[in-house]
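Trainee: I am new to this structure and would like to learn how to read its features one at a time. Could we begin with charged pairs and then turn to helix packing?

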Amino acid sequence: MKHVIQQANVQGVMLSYRLGDFWLTDRGNGSHKVHLLTLMYADDIVAVCDSSKNLEHFIKVFERVTNDFGLTMNIQKTCTMSLKQFEKTIGKNETKGKEKDASSNITIRDQNIETVGNFNYLGCNIANDQTQAKEIEVRVGKASNAFNSLRRIVWYRKCISIQAKIRIFKVCILPVLLYGSEIWCLKAVEEQRLNTFYMKCFRTLLGVGRGDRMRNDLILELTGQPSLEKILRRNRRRWFGHFNRMNKEEDQSMLPKEVLFSSFADAKRPPHGVKLRWKDKITKDLTVCEIKSWRREVQDKEMWRKTINKEVKSTTVRSDAAHVIHVHKESAKKRRADERLLDCNKKMNNPSSTPTIINVDTTCSLCGRTFKSKRSMNIHKRVCIQKRSTTSSADTKANEMHQ
């Protein structure tokens with residue numbers, strides 16, 4: 001890879017690192033440039049360039065150097081993606097700006113490299129509009145398949161305690177649902193989608209349905225589990241603390257930390273109508289949890305772990321959980337019976353006074369038979385005409401023979 005970088009002579013994307021702090025907004029003082037070109041993991045390589053021309057040059061150099069070492073780049077598994085960026089807003093009516101989407105047409109060995117809108121990297125779906133809508137659908141789908149595979153084996157078994165079911169859920173289902181959630185920046189709709197599946201699983205574990213009308217806070221209280229919002233908040237802060245501790249022996253920041261606390265040197269966000277960033281989510285999390293001395297606490301791993309796990313501590317299932325579930329089921333059964341009785345009384349007290357009207361168009365003019373639809377009447381009418389014609393011809397022949 002060193003030979004590729006030396007021969008390509010491409011700097012990649014240039015970022016401005018601001019001393020490892022989100023809140024240091026002065027981009028000129030105390031900042032230095034960070035060049036990000038490649039991300040390598042096993043045999044996967046991601047090249048990040050600021051233009052399609054530099055990306056094409058890097059890929060061609062990579063193809064030539066790998067051939068010299070006896071390696072071949074798989075064109076079928078290679079793709080390009082252009083991230084959508086927003087231009088500066090001009091007036092009040094253009095708050096969101098215009099999207100830039102540069103398309104690339106790169107050909108290697110007479111084969112075009114596909115340009116995609118999203119791709120899967122290290123198990124996470126990366127979209128060109130920097131949203132997690134597709135990722136959330138994939139996570140919920142995989143978690144649903146894992147949950148349904150244990151439905152008859154574990155969840156429906158009466159001999160397995162609720163506490164054991166919850167432990168299995170936290171080990172087998174929750175990691176699938178929240179894989180990569182440390183870097184998510186979700187909208188309210190996407191968080192609600194995850195929370196709906198989260199609560200649906202607990203309802204299945206307890207054996208209650210939506211018709212039983214058991215509130216979500218009561219279900220979490222019975223099971224002793226934290227809400228999904230708190231778990232997502234804990235995951236973000238855990239990743240935030242991990243990155244803050246990424247320093248070299250010379251007290252210099254490592255590349256992941258520099259990228260996290262960096263931004264484009266000359267880029268400006270539109271003033272209105274832009275979604276929250278990951279740094280905005282972290283700022284909100286620290287404010288909600290009232291963590292003020294986070295710069296000191298993140299350096300101590302054990303202290304930071306205790307700080308972020310305060311609101312997500314799990315407790316045992318309530319001892320009267322079975323009794324509470326039984327009471328809700330009985331009240332729901334009684335409520336449904338009362339609703340059915342009320343509907344029956346309404347029908348008896350208000351009988352239908354509208355007389356039955358026979359539609360003339362659905363009545364056969366030959367035999368007077370009535371049908372429910374006009375189509376059925378037309379089919380019958382053709383048959384009726386054939387029968388009458390056959391009967392009349394048979395009568396005519398009989399009269400001729402008689403004469």
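Mentor: Keep in mind that this is a predicted model. In it, Arg-318 forms a salt bridge with Glu-221, and their closest N and O atoms are 2.9 Å apart. The pair links distant parts of the chain, since Arg-318 sits in the loop between α13 (301–308) and α14 (321–349) while Glu-221 belongs to helix α8, 97 residues apart.

Trainee: Is Arg-318 buried, partly exposed or exposed?

Mentor: Buried means under 20% relative accessible area and exposed means over 50%. Arg-318 has 26% relative accessibility, so Arg-318 counts as partly exposed, and Glu-221, at 46%, likewise counts as partly exposed.

Trainee: How are two packed helices described?

Mentor: One gives the angle between their axes and the distance between those axes. Here helix α9 (residues 228–244) packs against helix α11 (residues 278–288) at an angle of about 110°, with the axes 10 Å apart. Angles of 65 to 115 degrees count as roughly perpendicular, so α9 is roughly perpendicular to α11.

Trainee: Which residues of α9 and α11 make the contact?

Mentor: From α9 come Arg-233, Arg-236, Arg-237, Trp-239 and Phe-240, and from α11 come Trp-278, Lys-281, Ile-282, Asp-285, Leu-286 and Val-288. The residues of this contact divide into six nonpolar, no polar and five charged.

Methods
Residues numbered from 1 in each chain as written. Predicted model: local features only at pLDDT ≥ 70, side-chain atom pairs only at ≥ 80, totals over all residues. Heavy atoms only, no water. Axes fitted to C-alpha atoms, helices over the stretch in contact; angles between N-to-C directions. Helix = DSSP H or I, 4+ residues; strand = E, 2+ residues; numbered from the N terminus. Parallel < 35°, antiparallel > 145°, perpendicular 65-115°, else oblique. Contact = heavy atoms within 4.5 Å. Nonpolar A, V, L, I, M, F, W, Y, C, P; charged D, E, K, R; others polar. Salt bridge = Lys/Arg side-chain N within 4 Å of Asp/Glu carboxyl O. Buried < 20%, exposed > 50% of the residue type's maximum accessible area, 1.4 Å probe, protein only.
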